[in-house]
Structures are given as structure tokens and as C-alpha cells.
Amino acid sequence: LAFRHFQERNTTKGGNPIVKQLGDLDCDLDLTFEMMDTEFSPITASTHLQEAILRTDTEQTPMALVGAASSSVSGALANLAGVLQIPQVSVTSTSSALDNKDSYPYFGRVIPTNLGDTQAMALYYKSIGVTHIGCLFIRDDFGSNFHRDVLVSAKQQNLTVTSIAFEAGSYTSIVNALQYLKQTDLRYFFGIWNQNTWEAVFRAGYQAGIIGHEGYVWLLGDGSLFTDPTRTLDALTDSDLARAISGTGVVQLNIKDNPLVNEEMKRFQLDPEFQQDFINAHNPQHRYLFDTIDLGAQPIIRTVFQYLAYDAFMSIALAACNQTTHSFTGEELLETIRHQTFEGASGFVEVNNITGTRAPTGLPYTITNVAIDWGKTNDTTFHFRINPGIEVDYQSQSVHQIGAEFIYAGNSTRQPPSLPEIDEEMNLITTPVQGFGLALAGLVMVMSIGWAIFVVLYRKRSVI
């Protein structure tokens with residue numbers, strides 16, 4: 001959609017601009033683009049980029065990259081792109097480690113780092129009286145850096161954190177980590193795992209009695225997978241998974257709805273030519289993905305990813321148009337990307353001119369509650385209620401209720417206690433000591449009674 005708007009120097013069907021600067025461009029530059037499926041694999045992504053650079057069937061080589069989605073894949077691409085001096089703008093990679101310009105000199109993004117998520121999490125937990133939390137994170141670059149942000153944000157809000165990592169691909173490691181957290185008697189948690197491990201963690205956590213059970217609260221830092229309102233689960237095979245997910249909260253950017261983008265997405269759904277252009281933009285080896293998909297019949301779901309993807313492409317296109325010559329270098333393009341600002345699909349876009357990371361200006365977060373919708377759920381299918389009901393603005397240090405009440409695990413709106421109730425043990429004397437004391441007391445009583453009787457019987461006897 002962004003590519004089409006840029007090439008036409010047009011905006012929407014009604015002529016209203018999504019990116020206002022687009023209508024004012026005096027630029028004869030034409031762009032081409034190609035889409036490749038990374039399959040969430042750093043190796044696959046790097047291989048595709050290498051092939052695009054080395055191929056001889058065309059004179060065109062990439063001048064910039066949009067993507068990838070996950071931080072681990074973006075990191076691998078950023079290493080290669082840095083060597084090749086190709087600017088990269090990621091859509092949803094949030095790891096703070098990618099701000100390291102010594103390692104990733106040509107990397108940028110249109111989304112803030114995970115520090116924003118953790119600041120929102122910590123502020124929200126503090127606002128509801130939580131003082132101690134547990135953190136379960138995957139042991140990889142993404143999880144470890146995300147966890148460091150958790151510790152920084154928790155310290156700012158005076159939260160005590162107990163953390164443990166699990167190994168990706170090891171179910172035993174997941175089970176052991178969850179058992180450890182359960183033994184801490186904590187009730188509030190923050191989870192950091194990825195699309196390849198979430199199902200195993202939820203199932204193991206439900207079985208362990210710590211996820212999806214009343215009294216336990218989990219917030220997730222990378223849970224866009226769960227906030228799709230069309231998502232359903234099979235009632236026969238996924239009952240434990242559905243109940244584990246129900247009652248969780250997902251920390252997400254609260255990007256405001258953009259009616260212009262939504263209208264254009266509807267136009268895409270009704271325009272077969274537009275759909276075919278989208279398919280043709282993919283690498284030929286990936287076009288088979290659409291053989292069984294009718295794009296016109298797919299429901300249009302508004303997601304944060306759509307808005308950010310639009311702005312990622314536009315940040316590159318606008319920067320390219322602002323070059324003084326068509327033969328610009330990757331370094332020149334990078335500098336322009338880092339110093340420009342524009343009103344995009346996701347709001348005001350401004351990046352740090354050193355790290356290339358989007359500034360969080362005007363970007364509050366929501367705690368989106370995911371709970372089983374028992375009104376729609378039936379014998380065969382679980383449906384979910386997606387409620388972005390709590391807004392957290394770190395800049396103003398405020399937390400607001402903007403939607404329905406949070407539904408916790410167990411289908412209750414009553415907030416669980418921050419820590420388990422103290423079971424005070426009043427009996428501090430051991431049984432043997434109690435027995436000895438009672439025996440001694442009995443002896444004293446018997447002797448007292450005996451001496452009392454003796455005094456009464458011999459009270460008139462004189463002693464000379």
C-alpha cells in the first residue's frame with residue numbers, strides 16, 4: 001500500500017494524505033521493491049539478502065531494507081547490511097541491543113525499544129499495588145536484552161523481581177523454570193517468549209498450576225499473536241491452552257486508529273488488480289503461499305503492524321526523494337532517514353539521530369486483556385474477548401481505565417492479592433515441650449489439692 005501510494009504520488013482514493021509530505025514531493029524517483037519470507041529464521045533472512053546482492057539476472061540491487069519482524073532476525077540482517085552499507089528500517093523489532101551502533105551501524109526502526117514495554121508494565125503493576133513480580137524469559141539475545149529492560153524499569157518503580165530463563169526447544173527447561181517460579185509464592189509475572197515457544201510455555205504453565213489458574217496474573221511483552229480478535233482454538237484439543245491464555249494481559253503500543261489506512265485496506269480487498277500487484281511483489285519462490293488464499297475474502301483486521309509497516313517504507317522513500325542526486329550512497333540515505341520527521345499512519349514519526357530508533361513521543365501503551373468469551377464459545381470452538389482496557393502513559397506517569405474491566409484467570413474481575421495471604425502459625429511450642437508442660441502443671445495441681453486437703457484435715461493440730 002505504501003509503495004503504491006509513493007509511486008502514484010497519490011494518497012488515498014479520496015485524495016486525503018496518509019503521509020502529508022507525500023503530496024508536496026517534487027521528486028521523479030521511481031522505486032521497486034521485492035518481498036521475501038524470512039520464516040522467522042536469521043539464516044533464511046541472511047541467505048535471501050545475500051542472493052539479492054549477488055544475483056546477476058538484474059542490475060538492481062537493494063538500496064534499503066524494510067524488516068524484519070523479530071529482533072533475532074533483524075540482528076542477523078543488520079550485521080550483513082552494515083557490512084554492505086545498506087540502511088535497514090525494522091517494523092517491529094524491539095530489542096534494545098539493536099541500538100548498539102558499533103554492532104548495527106545501519107539499523108533503524110519505526111517502533112520504540114522493549115524498554116517502553118517494560119516501563120509500561122512496571123508502572124501499571126505499581127499502580128495496582130504490586131511490589132514483587134516474577135519474570136520468565138527465553139535465553140537468547142532477544143529474551144536476555146528484554147529481561148535487562150525489565151530490571152531497569154522495575155528498579156525505577158521499586159519493584160522486586162525474581163527471574164529465571166528457559167532454554168528454547170527444551171520442554172524440560174520450561175517445566176523446571178515454571179516450577180521454580182511457583183515455589184516463590186509470587187502472584188504477578190511478566191513473560192518474555194517468542195512465537196516458537198509460547199504454546200509450550202502456556203501448556204506447561206497451566207499444568208503446573210501457575211498460568212491460567214485463579215490467583216495468578218501474567219503480562220506478556222511480545223503477545224501480538226494473542227490479540228487477534230479472529231483467533232479461535234479447538235475445544236477438544238486446545239482446552240488447556242485456551243484456559244491458560246485466558247486472563248492474561250499483553251503490553252502493546254496504543255497506536256490510534258487511522259481511518260484513511262483502514263479505508264485503503266478495504267479498497268485493497270475489493271480490487272483484484274491491487275491484490276495481484278501485491279502477490280507479484282513477492283519473490284517468485286514465495287508466491288505459492290497465495291495459491292490457496294483468496295485475498296478478497298480475507299477479513300481486514302486493523303493491526304499496529306500495518307501502520308508501522310506503512311511508515312517504515314515511507315521513511316525510506318521520503319529520505320530517497322530528499323537526496324540531491326539519484327546516485328546517493330547508503331550512508332547519505334541513512335543520515336536523511338535519521339534526521340527527518342513526518343506524520344505517518346502510526347502518528348508522528350521521529351527517530352533518535354544516533355540509534356535510529358523511534359522516539360516514544362506521543363505513544364502511550366495499553367494493557368490488552370485476553371479472556372475466553374464464554375458467550376461465543378461452544379462445544380467445538382473457544383472464542384476470545386480482546387479488551388485494550390488500560391492505557392499507560394509513562395511520560396505523564398499515569399494509568400487510565402479506557403475499556404471494560406480486566407478479567408483475570410478464573411473468569412473473575414476481582415484483583416488477586418499481590419502476595420499470598422500469610423498463614424500465621426500461632427502454635428510456637430513443640431508437642432514434646434507441650435506434653436512436659438502439661439504434665440508438670442498437672443503435678444503442681446495435684447500437689448496443690450493434696451496440700452489443701454492436708455491443711456483442712458489437720459488445721460486444729462498444734463505444733464510444739
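User: Is Glu264 buried or exposed?

Analyst: This is a predicted model, where local features need pLDDT of at least 70, side-chain atom pairs count only at pLDDT 80 or more, and totals for chains, interfaces and linings use all residues. Residues are numbered from 1 along each chain as its sequence is written, and side-chain values use heavy atoms, with hydrogens and water left out. Buried means under 20% relative accessible area, exposed over 50%, partly exposed in between (1.4 Å probe, protein chains only). Glu264 is buried, at 1%.

User: With which residue does Glu264 form a salt bridge?

Analyst: A salt bridge puts a side-chain nitrogen of Lys or Arg within 4 Å of a carboxyl oxygen of Asp or Glu. Glu264 pairs with Arg267, their closest N and O atoms being 2.5 Å apart. Arg267 is partly exposed, at 21% relative accessibility.

User: Why are Glu264 and Arg267 separated by about one helical turn?

Analyst: Helices are DSSP runs (H or I, at least four residues), numbered from the N terminus. The two residues are about one turn apart because they lie three residues apart in helix H9 (residues 259-270).

User: How many salt bridges are in the whole structure?

Analyst: A search finds nine. Glu199, Arg203, Asp238 and Asp240 are linked in a network of them.

User: Which residues does Arg203 meet there?

Analyst: Arg203 meets Asp238 at 2.7 Å, N to O. That pair links distant parts of the chain, 35 residues apart. Arg203 also bridges to Asp240, with closest N and O atoms 2.6 Å apart. Here the partners are 37 residues apart, Arg203 in helix H7 and Asp240 in helix H8. Asp238 is buried, at 15%, whereas Asp240 is partly exposed, at 25%.
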